[in-house]
Amino acid sequence: MDPKPLVGGLGFVISACFAAALIMPATGLRGFFAGLTVMLFIGFLDDLKELGHRQKFMGQILAVALLIYFSNIRLVSFGNLLGLGDIIIPGYWLSVLISIFCLLGVINAINLIDGLDGLAGGIGFVAFLLFAAHASLAQNQTFLLLNLAFAGALLGFLRFNWHPAKLFMGDAGSLSLGFALAFMSLGMTQGDNACMSPISALLILSIPIADTLTVMTKRILQGTSPFHADKKHLHHIFMRYGFSRENTVKIIIGLSILLGSISIVGRIYNLTDSTLFLFFAIYLIFYFISSFFILDLLRYSCRFRRKRDSCGAPCKALKFICQSLDIFNIIRSDTRHAVSIPARYYTTEKDRYLDGTITNISKSGFMASIPQLTTLESTFFTKINFENQDSANIPPLEFTIEHLWIATQDEKHIHGFKFKDLTAEQKSVLNLFTNTLKKSKP
């Protein structure tokens with residue numbers, strides 16, 4: 001794979017701080033900049049030589065402690081979430097402990113969602129703009145300028161981080177981004193300078209927060225560590241069911257805009273905290289429950305595909321939905337065939353290869369068992385050995401493929417791939433091969 005520089009985080013954080021220093025005073029922001037410096041340094045060390053989880057966690061606690069101490073802000077109220085009055089945290093030290101817990105949660109939520117080109121940066125960019133909108137409505141110039149400085153720096157970074165990325169933010173960027181967003185959530189909702197309700201901040205960051213809560217809860221229910229890495233985040237779910245990396249990022253950023261905009265609407269129309277919290281609760285519950293059953297739901301709904309031309313209105317409605325969503329592109333475009341085809345897979349630079357077996361193929365993609373491949377890659381080359389099939393006398397042919405998803409079945413790693421940039425010859429070969437498989441079926 002091509003090496004990609006991990007200095008993007010350093011670039012946009014330094015740019016944002018430099019811009020903020022030029023356009024606004026640092027009064028009351030000593031804790032923020034002190035903590036951000038620690039966070040940037042810890043992330044840089046992790047990118048350089050991969051720190052242990054304990055070292056990173058201690059660095060995060062230090063950064064958060066500096067923020068709370070020097071900026072003199074802490075979480076004292078959750079707002080009127082349940083419509084029964086404001087939920088106040090009693091006692092100074094309990095407030096500090098809960099503040100540390102919540103700040104660390106936001107930092108790691110952003111760090112965990114940084115799994116695709118432009119995803120964490122896009123969510124951060126949207127969040128800073130929404131925070132800036134709240135600051136503008138409250139006529140809070142300090143937070144307005146600070147959020148715009150970070151939004152502008154992120155926009156410049158996204159130009160090089162959008163798929164296919166030429167630059168990555170690394171842990172230096174994702175941890176610092178999470179820290180900055182955590183500060184905005186706390187500083188803009190608590191204390192004398194509060195300019196928005198706590199639930200508004202929750203809605204703005206609902207995508208990464210709900211994703212982290214769901215993934216960690218599922219890990220605990222399954223008896224594994226909540227910090228054990230896996231491929232069950234929201235972006236993995238979208239990719240597993242056929243969305244490309246770029247479309248997955250666009251959809252998730254779109255959801256972030258939608259949920260965050262509800263907080264702006266609530267501010268303009270004076271919606272209660274309990275009403276706004278209901279939106280977040282509905283999204284969290286829906287995502288949590290559907291994450292367990294989405295595979296079965298998709299399989300069940302797509303059984304109607306074969307009947308769509310002869311059924312009534314319900315099936316026609318389902319057909320329209322399937323045609324509107326890219327998630328069904330592979331499913332609806334052609335028929336899949338169970339096969340057993342040996343294939344060899346190469347990395348982008350063809351510096352290493354892996355052997356596997358294609359178990360299911362169509363004109364648009366295939367599933368394969370590749371025992372040695374345990375991570376989600378981006379682009380592969382594969383050489384498919386058609387000539388060993390009794391049903392077709394076709395020579396081996398090389399394809400460019402995109403790695404969409406990975407799953408474990410009977411202790412075997414099963415992978416989903418999509419054909420990319422098919423030539424006329426490749427399309428002809430796939431058509432010939434799949435048509436031959438159709439004819440050979442009893």
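Predicted model: local features only at pLDDT ≥ 70, side-chain atom pairs only at ≥ 80, totals over all residues.

Let me begin with the contacts of the protein chain, where contact means heavy atoms within 4.5 Å: of the contacts with a separation of 6 or more, 68% are between residues 24 or more positions apart. Residues are numbered from 1 along each chain as its sequence is written, and side-chain values use heavy atoms, with hydrogens and water left out.

The protein chain has 15 helices and six strands, where helices (H or I, at least four residues) and strands (E, at least two) are DSSP runs numbered from the N terminus. Of its 442 residues, 49% are buried; here buried means under 20% relative accessible area, exposed means over 50%, and partly exposed is in between, with a 1.4 Å probe and protein chains only.

Let us look at one helix in detail. Helix H5, residues 119-137, has 19 residues and reaches 27 Å from its first C-alpha to its last, which is close to the 27 Å expected at 1.5 Å a residue, the expected span being 1.5 Å times one less than the number of residues. Because 15 of its 19 residues are buried, H5 is largely enclosed by the rest of the structure. Just after H5 comes Gln139, with a positive phi of about 60°.

That brings me to backbone angles, where the background is that most residues other than glycine have a negative phi. Asn270, which is not a glycine, has a positive phi of about 55°, and it lies in the loop between H11 and helix H12 (273-301). With 65% relative accessibility, Asn270 counts as exposed. Asp421 is also a residue other than glycine, and its phi is positive, near 50°; this residue sits in the loop between strand S6 (412-420) and helix H15 (424-440), and at 67% relative accessibility it counts as exposed.

Now to a pair of helices. Two packed helices are described by the angle between their axes and the distance between the axes. How do the axes of H4 and H9 cross? The axes of helix H4 (residues 92-113) and helix H9 (residues 206-221) come within 9 Å and cross at roughly 85°, the axes being lines fitted to C-alpha atoms, for helices over the stretch in contact, with angles that run from 0 to 180 degrees between N-to-C directions. This makes H4 roughly perpendicular to H9, a word used for angles of 65 to 115 degrees, whereas under 35 is roughly parallel, over 145 roughly antiparallel and the rest oblique. On the H4 side the contact includes Val106 and Ile110, and on the H9 side it includes Pro208 and Met216. By class, the contact has nine nonpolar, one polar and one charged residues, counting Ala, Val, Leu, Ile, Met, Phe, Trp, Tyr, Cys and Pro as nonpolar, Asp, Glu, Lys and Arg as charged, and the others, Gly among them, as polar.

I turn next to the salt bridges, each being a side-chain nitrogen of Lys or Arg within 4 Å of a carboxyl oxygen of Asp or Glu. How many does a search of the whole structure find? There are four salt bridges. In one of them the side chains of Asp46 and Lys56 meet at 3.4 Å, N to O; since Asp46 lies in helix H2 (residues 30-49) and Lys56 in helix H3 (residues 53-71), the pair ties together parts that are 10 residues apart in sequence.

Glu246 and Lys250 form another salt bridge, with the closest N and O atoms 3.7 Å apart. These two are four residues apart in helix H11 (residues 245-268), and therefore separated by about one helical turn. Glu246 is partly exposed at 27% relative accessibility, and Lys250 is partly exposed at 44%.

I will finish with Ser200, which is found in helix H8 (residues 198-204) and is buried, with a relative accessible area of 3%. Leaving aside residues up to four places away in sequence, Ser200 touches His134, Ser263 and Leu276.
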